[in-house]
Amino acid sequence: MLRDIRRWGPPLLLISPSLILVGIFVYGLIAINTYTSMTDMHTAAQTTGKAPVSFVGLQNYWELLASDSFQHSLKNLALYTIVFLSGALVFGFMWAWLLDRPVKYEGVFRSIYLFPMAVSFIASGVVWRWLLNSNVDDKATGLNRLFQIVGLNFLQNGWWNNVNVGITAIAIPAIWQLAGYIMALFLAGFRGIPQELREAARVDGVSEFQLYRLVVFPQLTPILLSAVIVIGHMSLKVFDLIMSISKPANYQTKVPAIDMFVFKSQYDYANSAAVGVILLVIVAVLIVPYLVHVARSGRR
Amino acid sequence: MYTPRRFAGVIAGVMAAGLALTACSGNGGSPTESASGTASGSMGTATEVEVFTWWTSGGEKAGLDGLVSVLADKYPNVTFVNGAVAGGAGSAAKDLLQSRLQANDPPDTFQAHAGAELDDYIAAGQVQDISDLYTEFGLTDVFPADLLSLLTVDGAIYSVPANIHRANVVWANPSVLEAAGLDSTATYATMSDWFTALDAVQASGQTALSIATTWTQVQLLETVLISDLGADGYIGLWDGTTDWTGSGVTAALEDFQKLMSYTNTDRDGLDWPDALQMVVDGTAGFNVMGDWAAGELDTQSLTAGTDYIYFPVPGTSGIFDFLSDSFTLPVGAPHPDGAKAWLDVVGSLEGQTAFNIAKGSIPARTDADPSLFNAYQQSAIKDFASDTIVPSLAHGAAAPIAQLNAISDATSKFTSGGSDLATFQTELAASAG
């Protein structure tokens, strides 16, 4: 008994402050938030206790999920995630593959590709807001003007102002910012594969294509998985980029995080909390299998 | 052996520094609080007032400075503390204000739009009834009766208006209109007269009607509703006597749809000065904006009549679509004496004159001297005294924030092509609850 305490006591004591803080400020607040989402706290008077608040169970969730406008937000989120995720992966992987061969001035290219990540979404959003101007032809500015100058007039479009697919235009700056990071991940993966393996494969007489398909790519799966997790959860949280390019009141670019903000600013704390829980569940669906996977491979 | 120990030393150092920093910030907060607390308690007459606004630049900042100088004259013992928060037409400030009020840390007084926007604060018990101050300062006689009745909620008044703005004004560029073959002195009695003019401007190759992001579209919608329903019909939308699903509203929405077809395509990415600038630059014929546009045009040294013209939105002459910036007395304000001094200054003739000359709006008091104001303001003062006053939707006078947000959502959905007119009308009706 005493030996157990000696053995476990000091480490436990060491981590207990963070355990307590995480317990209160992460899990405690998730619990309070979940409770709020199950009440009818929709007005200012209720938030200060001037009017009674009652428990309504899952009613807010059903109403939210049934409303056209929230479905539109969810659809936007899905579209954005697909385009952002695939775009960042494709570009990041392509750049890493190109830099994997011996390239002159590799360091310069690496910096150029990685640089946009240093800029905050808010700051880059201000610039992209101008680049993604929706005017065409004689009133065009930004990218549309560029297309005009180089004679690619047919590429001019309304960018994020399309009510159905406009959100994918917001994914362009996001890809621009994060593709370099994905490149760095994959480049590290490429470099982590021992040269001996490649040489051995070459000795066995594989073509360059087979070398990648059979030897290199399979070893990049863990990198791919973490890239998907990083980009995926960033994409689900998208808020600042939309705030700085579009506006919270613009229907075209609504996502759940924007809805949460709007509900909160009109004292509708119950719906705001409900949107928060829905986002948490969506992120959990993505992250939990990954954590399980990591835990399993750690045990092996 | 050596390296790990040094490593541990570094970590320990960093942690110690971190702890020291936390300790500092912890201490940093409390002395100021206690100091200010004793100052207001023991010294009696000398106090301060923290005024929370979103007036940080341009004419708005100049207006605030005007009020501050009047405060310094009238109450030399009261120190002005500027609690202004910049950004996003007040949305950043409103968010910060909301969290401060919820945390029981209110400023001494804050800016809010008079009318229904105050309902949330009143219902939440966050602002005090200041009807007594109206009697004390003698304000009941100098504000117009229409305005007083719009400010009164269940027999009590919760704010002192600093100014009056008008939202239903069309700004136009006479040279664009003349280039389109129109008479630049003409005004338009109805929406359909205006459509003819808009067609002409569009045919001349310019944007007929410039507009910006969602809230300016909501403001356009509100003026169309006033135009088609009349003052009584429009007010009825907010007190429940006009049916949102009725044919009058349908006709107004059809007009709104037609108006939107004349507008610029990049509207959702613009803010109101960008859209107004299109009129100034001669790339657009008309723009509908509140009369703070006059302040913006003044700063560019433009002359009314030659560089720009203005008239009430067609079909709304004789109606004054009002909004008003007003100041409140929050519950639990740390310096109530300072707040009362501020409210006195805001309501006073000197305060209203100093503030409105700089901001481009007009005094809410009826006894101000019109000759001190510019041509537009003089015409607005005259109209305010004689017109029917109706509350603005887009600026918080007509409906509570939740309903305004629902209407904004439906409008943005409609103008971006996400819904048809029938759905739009259903959603507007649903917003009324």
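Biologist: How many nonpolar, polar and charged residues does the lining of the second largest pocket have?

Modeller: By class there are 20 nonpolar, six polar and two charged residues in that lining. Nonpolar stands for Ala, Val, Leu, Ile, Met, Phe, Trp, Tyr, Cys and Pro, charged for Asp, Glu, Lys and Arg, and polar for the others, Gly among them. This is a predicted model, in which local features need pLDDT of at least 70, side-chain atom pairs count only at pLDDT 80 or more, and totals for chains, interfaces and linings use all residues. Residues are numbered from 1 along each chain as its sequence is written, chains are lettered from A and ligands numbered from 1 in the order in which they are written, and side-chain values use heavy atoms, with hydrogens and water left out.

Biologist: What makes a space a pocket, and what makes a residue part of its lining?

Modeller: On a 1 Å grid over the protein atoms alone, a pocket is an open set of points with protein on both sides within 12 Å along at least five of seven lines, and a lining residue has an atom within 4 Å of a point. The second largest pocket has 28 lining residues, and B:A116, B:W238, B:D239, B:A397 and B:A398 lie nearest its centre. Its space is about 450 Å³, where a volume is the space filled by probe spheres set on the points, joined across faces, edges and corners.

Biologist: Which element gives the largest share of that lining?

Modeller: Helix 9 of chain B does, with four residues. Helices (H or I, at least four residues) and strands (E, at least two) are DSSP runs numbered from the N terminus.

Biologist: Why is A:I20 called exposed?

Modeller: Exposed means over 50% relative accessible area, buried under 20%, and partly exposed in between, with a 1.4 Å probe and protein chains only. A:I20 has 52%, so A:I20 is exposed. A:I20 is found in helix 1 (residues 2-37) of chain A.

Biologist: Which residues make the nonpolar surface patch of about 1,000 Å²?

Modeller: A:I20 is one of them, and others include A:L12, A:F25 and A:I32. Patch residues have over 30% relative accessible area and no salt bridge; like charges are joined within 9 Å, and nonpolar side chains (Val, Leu, Ile, Met, Phe, Trp, Tyr) within 5 Å. The areas come from the Shrake-Rupley method with a 1.4 Å probe.

Biologist: A:T36 is also found in helix 1 of chain A. Is A:T36 buried or exposed?

Modeller: A:T36 has 17% relative accessibility, so A:T36 counts as buried.

Biologist: What can be said of B:K359 and B:D325?

Modeller: Their side chains meet in a salt bridge at 3.1 Å, N to O. B:K359 lies in helix 14 (residues 349-359) of chain B and B:D325 in strand 13 (residues 325-328), so parts 34 residues apart in sequence are tied together. B:K359 is buried at 8% relative accessibility, and B:D325 is buried at 3%.

Biologist: Why are A:R202 and A:E208 called partly exposed?

Modeller: A:R202 has 38% relative accessibility and A:E208 has 42%, so both count as partly exposed. The closest N and O atoms of their salt bridge are 3.5 Å apart. The count over all chains comes to 16 salt bridges.

Technical notes: 1 Å grid on protein atoms, 1.4 Å probe; cavity = no way out; pocket = protein on both sides within 12 Å on 5 of 7 lines; lining within 4 Å. Salt bridge = Lys/Arg side-chain N within 4 Å of Asp/Glu carboxyl O.
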